[in-house]
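Biologist: Hi, could you walk me through this model? I'd like to start with the strands.

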Amino acid sequence: MFLSNDNKLNLGTIITPDKYLGPVISLCMERRGIQRSANNIDNERVILQYELPLCEVVLDFHDTLKTISSGYASFDYEDNGYQSSNLVKLAILLNGTLVDELSNIVHVTKAKTIGRQMVLKLKDIIPRQLIHIAIQASVNGKVMARENIKPYRKDVTAKLYGGDITRRMKLLANQAAGKKKMRMVANISLPRETFIDVLRK
């Protein structure tokens with residue numbers, strides 16, 4: 001399902017030393033920017049105007065711009081109306097359960113890339129637990145990316161020395177049954193910073 005008419009636009013003004021012009025233009029293009037003007041202020045500085053979707057600006061555009069320009073570029077923006085666009089809901093699922101707080105509305109052309117980035121970040125952020133955790137990014141029911149976090153393994157046979165093999169097999173079977181039950185009912189503990197960190201590009 002595609003969404004449309006919800007793509008809020010901003011007209012961004014960037015002033016940068018000309019030696020950073022290439023990386024700045026690449027950043028704007030990566031964020032689906034459309035160049036409206038480019039002029040020299042003097043022999044060393046350039047002023048650019050780009051039309052940018054708000055969703056591409058609001059989280060970390062300014063921080064990234066400062067990083068690639070060694071802190072010298074400036075950025076200001078103003079409202080520039082709305083534009084119809086092909087947007088989709090990128091759903092994040094943990095063990096098959098939708099997590100609305102981590103889901104996002106993205107442009108259809110970037111859904112797979114952003115989904116891959118998000119599941120990799122979640123894999124790094126979510127601590128290992130006693131159950132297996134499957135992390136999925138999905139659009140319209142189609143899985144775009146998946147990562148798994150393996151559970152801690154408790155050696156239930158550690159205290160057994162020799163003895164009847166059937167007892168060892170019974171302990172392992174009970175452990176597997178317990179894990180299956182936990183996978184269905186346990187809540188996955190997420191660090192508080194997860195919800196902000198995972199949305200950063």
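Modeller: Happy to! One definition to begin: two strands pair if DSSP finds at least two bridges between them. Also bear in mind that this is a predicted model.

Biologist: Good to know. Which residue stands opposite N10?

Modeller: L52 in β3 stands opposite N10. Strand β1 (residues 7-17) and strand β3 (residues 45-53) run antiparallel, with nine bridges joining them.

Biologist: And what order do the strands of that open sheet have?

Modeller: The order is β2-β3-β1-β4, four strands with antiparallel pairing. At the edges are β2 (34-40) and β4 (74-83), each of which pairs on one side only. From one strand to the next, the twist averages 15°.

Biologist: Nice. Where does helix α1 lie?

Modeller: Helix α1 covers residues 21-30 and lies across β1, β2 and β3, running at about 10° to β3. Helix α3 (residues 61-68) packs on the sheet as well, touching β1, β3 and β4. The direction of α3 makes about 140° with that of β4.

Biologist: Back to α1, then. Which of its residues are buried?

Modeller: They are V24, L27 and C28. Looking down the helix axis, these buried residues of α1 fall within an arc of 95°, so they line one face of the helix.

Biologist: Why would residues three or four places apart point the same way?

Modeller: An α-helix has 3.6 residues a turn, so residues with that spacing point the same way.

Biologist: Changing topic: how many salt bridges does the structure hold?

Modeller: Ten salt bridges. One of them is between K110 and E56, where the closest N and O atoms are 3.3 Å apart.

Biologist: What does the K110 and E56 pair tie together?

Modeller: K110 is in the loop between β7 (104-107) and α4 (111-125), while E56 is in helix α2 (residues 54-57), so the pair ties together parts that are 54 residues apart in sequence.

Biologist: Is K110 buried or exposed?

Modeller: Buried, because its relative accessibility is 15% and the cut-off for buried is under 20%. E56 is buried too, with a relative accessible area of 4%.

Biologist: And K89, which residue does its side chain meet in a salt bridge?

Modeller: That would be D100, at 3.5 Å from N to O. K89 is partly exposed, with a relative accessible area of 39%. D100 is partly exposed as well, at 49%.

Biologist: What about E147, what does its side chain meet?

Modeller: E147 meets R116 in a salt bridge, 2.8 Å from N to O. Since E147 lies in strand β9 (residues 142-149) and R116 in helix α4, the pair ties together parts that are 31 residues apart in sequence. E147 counts as buried at 11% relative accessibility, whereas R116 counts as partly exposed at 36%.

Biologist: Last one: which residues do salt bridges with shared partners join into one network?

Modeller: E30, R31 and D60 are joined that way.

Technical notes: Residues numbered from 1 in each chain as written. Predicted model: local features only at pLDDT ≥ 70, side-chain atom pairs only at ≥ 80, totals over all residues. Heavy atoms only, no water. Salt bridge = Lys/Arg side-chain N within 4 Å of Asp/Glu carboxyl O. Helix = DSSP H or I, 4+ residues; strand = E, 2+ residues; numbered from the N terminus. Buried < 20%, exposed > 50% of the residue type's maximum accessible area, 1.4 Å probe, protein only. Axes fitted to C-alpha atoms, helices over the stretch in contact; angles between N-to-C directions. Contact = heavy atoms within 4.5 Å. Arc of directions from axis to C-beta.
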